[in-house]
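The points are numbered and may be read against the structure in turn.

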Amino acid sequence: MTSNQEGKNLMASVSIIRRKKQNKDGTYPIAIQIIKDRFPSLITIGRIDLQHWDDEKGQVKKSHPNHHRLNNFFRKKLAEATDNALDIETKKPEASAKAIRQKIKPKTGVSFFEQAEEYLKVAKATNYNIYMSERPRIKHFREFLHGQDLAFSDLTVGLLQRFETWLKTEYKPKGKKKKRLAETSVVNHFVTIRSVFAFARDQGAVDEKLTPFGKKGFKIVFPETTKIGLSRAEVIALETIELSDPRYEHARKLWLFLFYFAGMRASDAFRLKWPDFQDGRLYYTMGKNKKTGSLKVPDQAARILKYYEQFKENKHDMVFPELKGVDLSDQFVTKRTIGFKISALDKFLKEHVAPAAGIDKKLTLHIARHTFATLAGGTVDIQKLQKLYRHSDVKTTINYQQNFIHEDADEALDAVISKVRSQPKPA
């Protein structure tokens with residue numbers, strides 16, 4: 001064998017890298033890189049924010065709340081790819097990097113539900129909320145197809161239209177009083193199907209040309225939703241009622257606490273610790289967009305904090321009980337716990353707190369955010385609201401606040417009606 005032949009038959013190198021091209025959502029693809037005879041080939045296995053990735057070590061940084069789970073997932077994929085590459089080269093030493101890639105990806109095949117299962121595995125390792133919301137939607141799609149799998153080439157606009165009709169007319173939510181899915185829930189099923197297709201495309205399992213979505217494909221259109229907060233009188237009713245059951249009283253106090261802090265999200269409140277309160281101010285980082293900031297502690301919120309001080313076990317203890325004893329470094333367990341706790345508290349608010357306060361409107365923890373926006377109306381400067389909401393872009397604040405500002409439309413309505421009334425009656 002010549003030296004050139006020996007060089008061309010060197011074993012392939014397999015490693016994990018971050019791809020340079022950024023995704024539309026701001027993350028970067030993480031890929032298995034196979035290099036053989038100086039020619040690289042890539043298999044995408046996930047995505048991550050740049051701030052959480054160590055290029056030199058080829059792993060997730062400890063700054064990511066779920067770095068252990070992610071690194072284990074990526075290492076497992078790397079080990080599988082390495083084993084497969086060695087096996088292929090043992091049988092066929094002259095195999096190129098591209099040929100090796102074609103052999104080892106995608107391990108699960110190219111049918112929709114096989115890729116959907118892989119998609120859910122990644123979601124479970126990286127984002128509990130996505131995993132929990134998208135798993136039942138994939139199950140519904142399988143139910144529509146009577147348990148049969150399908151090739152991506154069979155994922156047509158016509159099939160999606162029939163699935164839409166089935167969801168709207170035949171599917172009945174199990175264990176729920178309502179007979180049909182809400183329109184937004186129906187639309188979210190197609191967002192999930194599109195996400196599975198994008199995952200399979202990133203894996204190299206399906207060609208982009210096969211997409212049933214896009215300009216000429218199936219249109220995903222979200223219906224406009226009405227956001228309604230409580231009135232000033234209804235907030236006062238919540239402030240003044242007395243509840244004997246400590247569970248309902250906790251739900252009431254927590255709702256008011258969220259409202260007093262500009263509609264703070266419950267997930268952020270659950271994570272608060274006593275050291276976050278210093279010199280009459282609250283310092284915390286918003287979980288959704290990682291924005292940091294500080295807010296004055298209103299007197300009403302201070303009284304609620306005073307109540308919870310009796311349960312304080314140490315100076316670094318959690319303020320509220322929901323996440324006490326939970327390993328916050330395990331993002332999956334933390335988000336699962338938050339989801340369970342919010343559901344339980346929302347049930348208390350709906351079935352016990354709202355009736356006791358004489359409130360007929362929908363009452364959930366998230367309604368505290370809508371209520372703050374409702375009462376802010378058009379009276380608070382939009383830049384000030386942007387700081388309170390911790391929005392990165394003022395346009396987000398403007399679009400959100402428009403759901404709660406009705407003065408201009410009301411004035412226009414009154415003007416037209418008044419003009420009609422002011423017209424002289426015909427003789």
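**Notes on the predicted model**

1. Helix α7, which covers residues 183–202, contains 20 residues and reaches 29 Å from its first C-alpha to its last, close to the 28 Å expected at 1.5 Å a residue. The structure is a predicted model, and that applies to each point in this note. After α7 comes glycine 204, with a positive phi near 80°.

2. On overall composition, the secondary structure of the protein chain comes to 16 helices and eight strands. The protein chain has 427 residues, of which 42% count as buried. Among its contacts with a separation of 6 or more, 56% are between residues 24 or more positions apart.

3. Proline 29 has arginine 47, in β3, as its bridge partner.

4. Strand β7 (residues 281–285) is joined to β8 by five bridges, and the two run antiparallel.

5. Side chains of opposite charge can pair when their charged atoms come close. One of the pairs is glutamate 208 with arginine 201, whose closest N and O atoms are 3.2 Å apart. Are these two residues buried, exposed or partly exposed? Glutamate 208 has a relative accessible area of 38% and is therefore partly exposed. Arginine 201 is likewise partly exposed, with a relative accessible area of 32%.

6. Glutamate 249 and arginine 252 form another salt bridge, with 2.6 Å between the closest N and O atoms. Both residues belong to helix α9 (residues 246–260) and lie three residues apart, about one turn of the helix. An α-helix has 3.6 residues a turn, so residues three or four places apart point the same way. Glutamate 249 and arginine 252 are both buried.

7. A salt bridge also joins the side chains of lysine 324 and aspartate 317, at 2.9 Å from N to O. Lysine 324 has 27% relative accessibility and so counts as partly exposed. Aspartate 317, at 8% relative accessibility, counts as buried, because the cut-off for buried is under 20%.

8. The largest nonpolar core has 55 residues, and those with the most contacts inside it are Phe74, Phe112, Phe141, Leu155 and Ile193. Apart from this core lies another, of 49 residues, including Leu230, Leu256, Ala262 and Ala354. In soluble globular proteins, nonpolar side chains tend to be buried together. Leaving aside residues up to four places away in sequence, phenylalanine 112 touches Phe141, Asp149, Leu150, Phe152, Leu155, Ile193 and Val196.

9. Isoleucine 138 is a residue of helix α5 (residues 128–144). At 4% relative accessibility, isoleucine 138 counts as buried. What does isoleucine 138 touch, not counting residues up to four places away in sequence? The residues in contact are Phe113, Ala116, Tyr119, Leu120, Thr192 and Val196. From isoleucine 138 to valine 196 there are 58 residues in sequence, and their C-alpha atoms are 9.3 Å apart in space. Valine 196 is also among the residues that phenylalanine 112 touches.

How values were computed
Residues numbered from 1 in each chain as written. Predicted model: local features only at pLDDT ≥ 70, side-chain atom pairs only at ≥ 80, totals over all residues. Heavy atoms only, no water. Helix = DSSP H or I, 4+ residues; strand = E, 2+ residues; numbered from the N terminus. Expected span 1.5 Å × (residues − 1). Salt bridge = Lys/Arg side-chain N within 4 Å of Asp/Glu carboxyl O. Buried < 20%, exposed > 50% of the residue type's maximum accessible area, 1.4 Å probe, protein only. Contact = heavy atoms within 4.5 Å. Pairing = 2+ DSSP bridges. Core = buried A, V, L, I, M, F, W, Y, C linked by side-chain atoms within 4.5 Å.
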